[in-house]
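Please look at the model shown below. The paragraphs after it go from the whole chain to single residues.

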Amino acid sequence: MNNIFNELVEIRQLLTEQVLHQKKILNLDEASKFLGISKSDLYKRTSSNGIPFHKPSGKLIYFLREDLESWMLSNRIESNDEISKRVENFKLKSGRN
């Protein structure tokens with residue numbers, strides 16, 4: 001019986017995650033789960049304008065999934081191979097060896 005209950009709990013969590021991944025607009029709790037950070041960390045980031053958010057009523061905070069995805073992918077770090085290729089291209093264009 002305990003095994004069935006645990007499986008139901010797991011199924012419920014998976015369904016909740018599926019719904020979360022289909023929503024375009026997330027509240028603070030959903031956004032913190034989506035980003036994998038605590039709600040307090042997310043509050044800090046909103047108070048310092050470190051992450052894009054919307055506050056239509058002046059109280060509740062909402063996030064566009066698209067904005068969060070862009071934010072997560074910002075400040076990309078190039079791999080060593082990409083840097084080497086850029087250096088080689090620069091050398092070729094400038095005529096340096």
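Among contacts in the protein chain between residues at least 6 apart in sequence, what percentage join residues at least 24 apart? The share is 39%, where contact means heavy atoms within 4.5 Å. This is a predicted model, in which local features need pLDDT of at least 70 and side-chain atom pairs count only at pLDDT 80 or more, while totals for chains, interfaces and linings use all residues. Residues are numbered from 1 along each chain as its sequence is written, and side-chain values use heavy atoms, with hydrogens and water left out.

Begin with the whole chain. Five helices and two strands are found in the protein chain, and along the sequence they follow the pattern α-β-α-α-β-α-α. The radius of gyration of the protein chain is 21 Å, well over the 13 Å that the globule rule gives for 97 residues, so the chain is more spread out than a compact globule. Helices (H or I, at least four residues) and strands (E, at least two) are DSSP runs, numbered from the N terminus. The radius of gyration is taken over C-alpha atoms, and the globule rule is 2.2 Å times the number of residues to the power 0.38. Along its principal axes, the C-alpha trace spans about 70 × 45 × 20 Å.

Next comes burial. Of the 97 residues in the protein chain, 15% are buried. Buried means under 20% relative accessible area, exposed means over 50%, and partly exposed is in between (1.4 Å probe, protein chains only).

Strand S1 covers residues 25–27, and Ile 25 lies in it. Ile 25 counts as partly exposed, at 48% relative accessibility. Leaving aside neighbours within four places in sequence, Ile 25 is in contact with Glu 30, Tyr 62, Phe 63 and Leu 64. Leu 8 is 17 residues from Ile 25 in sequence, and the two are 27 Å apart in space, C-alpha to C-alpha.

Asn 49 is exposed, with a relative accessible area of 62%. Asn 75 counts as exposed, at 69% relative accessibility.
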